[in-house]
Amino acid sequence: MFTSAELILGDRTPPKLRIWDFEDRTGSPPLYVSKTATEADFNASTFYTLIPPGEDVQTAALGTAIRQEGSGAAVGATTYAENEGQGGPVWGLNSIAVTYNGHPAVGMEVNGFNYSDKFALVRGLEIINGGSAPTEVGLSVMTSNAQPAGKPRYGIVLGGPEFGYSEHAPASRAGIVIDAVDSGEALRIAAGNFITLDGADGRIRMRYNPDEKQIEFFNGERLAHAIPME
C-alpha cells in the first residue's frame, strides 16, 4: 500500500517523508533532521499524507505513539518553535482542520485518561504562560475572518446533553473555577449583556443597563426587578 515512501537522513540533504502516492501540493515539503539541511528553497518542515481515491482508512493522520512501562515521563509528541532572528510571531503549535464534504472539522481534540486504580490528576488541557514580558491572554477565542458566516454561535461551551454529548455533566463540582486574580476582577462582561440563570430556556436573566444605570432582572421580556446603582 505504501507505493511511494522515502525517508532521507543526513547533513545538507533534503529529507522527505512521503506516504501513499505522494503528490506535492505544498511546493517543497521537507522533513528536516539536520542543522545543516538549510537549502534556500526549503521554507518549512512538512509531513504530508495523501489517501488516494478508492482507499478506505479509519484515520488518516501522521501520528506518534509512546508506551512506557519503566520510569520517567512519557510524551506522545512535543512541538516547539523558537525565534532569535528578525522573523515574525512564533507558534509552538498551529492546528488546522478543513473539510470540503460537509463533515465536521475539529481543529484540535485533547483527551486525558487515568486507567489506574490509584489517585491521579488528569488535565485535559493545561495552559502554562510565562516569560520576561507580560502575557496578554491565557486563553483567547477569536472569530475567524468571515467563516463560517462570520462568527461561531457560542464562544466556549461546557458540552452536555443539550449540545449532543453524553448524558453526564461535563463537570462534577464546578463548571468554571477562577482562582486568585491580582486585580480582584474575577469576571468581566460587556454592559448590556445578559447572564442567563435557567439554561436553555433563557428566560431568567440579569444584566447591567448602562443607560438606566441599574442592574436588571428579567423573566422573559418582562423586567421583574431593578437595582439602581447611583
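Me: What makes strand 5 and strand 6 a pair?

Reply: Strand 5 and strand 6 run antiparallel and are joined by 6 bridges. The model is a predicted one, in which local features need pLDDT of at least 70 and side-chain atom pairs count only at pLDDT 80 or more, whereas totals for chains, interfaces and linings use all residues. Residues are numbered from 1 along each chain as its sequence is written, and side-chain values use heavy atoms, with hydrogens and water left out.

Me: How do you know that strand 4 pairs with strand 5?

Reply: Strand 4 (residues 204–209) and strand 5 (residues 214–219) are joined by 6 bridges and run antiparallel. Arg205 stands opposite Phe218 in strand 5.

Me: Why is Arg205 called buried?

Reply: Buried means under 20% relative accessible area, exposed over 50%, and partly exposed in between (1.4 Å probe, protein chains only). Arg205, in strand 4, has 15% relative accessibility and therefore counts as buried. Leaving aside neighbours within four places in sequence, Arg205 is in contact (heavy atoms within 4.5 Å) with residues including Phe194, Thr196, Phe217 and Glu221. Across the protein, buried residues make up 10% of the 230 residues.

Me: What makes Glu216 and Arg207 a salt bridge?

Reply: A salt bridge is a side-chain nitrogen of Lys or Arg within 4 Å of a carboxyl oxygen of Asp or Glu. The closest N and O atoms of Glu216 and Arg207 are 2.9 Å apart, so the pair qualifies. Glu216 has a relative accessible area of 3% and is therefore buried, while Arg207, at 22%, counts as partly exposed.

Me: How do you know that Arg67 and Glu69 are exposed?

Reply: Arg67 has 72% relative accessibility and so counts as exposed; Glu69, at 67%, also counts as exposed. Arg67 and Glu69 form a salt bridge, with their closest N and O atoms 2.9 Å apart. Glu126 and Arg123 meet in a salt bridge as well, at 3.1 Å from N to O. By this rule the count comes to 5 salt bridges.

Me: What makes the nonpolar surface patch a patch?

Reply: Patches are made of residues with over 30% relative accessible area and no salt bridge: like charges are joined within 9 Å, and nonpolar side chains (Val, Leu, Ile, Met, Phe, Trp, Tyr) within 5 Å. The nonpolar patch covers about 820 Å², and its members include Leu158, Val181, Leu187 and Ile204. Leu187 lies in the loop between strand 2 (48–49) and strand 3, and its relative accessible area of 65% makes it exposed. The accessible surface of the protein, from the Shrake-Rupley method with a 1.4 Å probe (for residues, only the protein chains shown count as cover), comes to about 19700 Å², with 51% belonging to carbon and sulfur atoms.

Me: Why is Lys213 called partly exposed, and what is its phi?

Reply: Lys213 lies in the loop between strand 4 and strand 5. Its relative accessible area is 37%, so Lys213 is partly exposed. The phi of Lys213 is near 55°, a positive value in a residue other than glycine. Most residues other than glycine have a negative phi. Gly220, in the hairpin of strand 5 and strand 6 with 2 residues between the strands, takes a positive phi near 70°.

Notes:
Pairing = 2+ DSSP bridges. Helix = DSSP H or I, 4+ residues; strand = E, 2+ residues; numbered from the N terminus.
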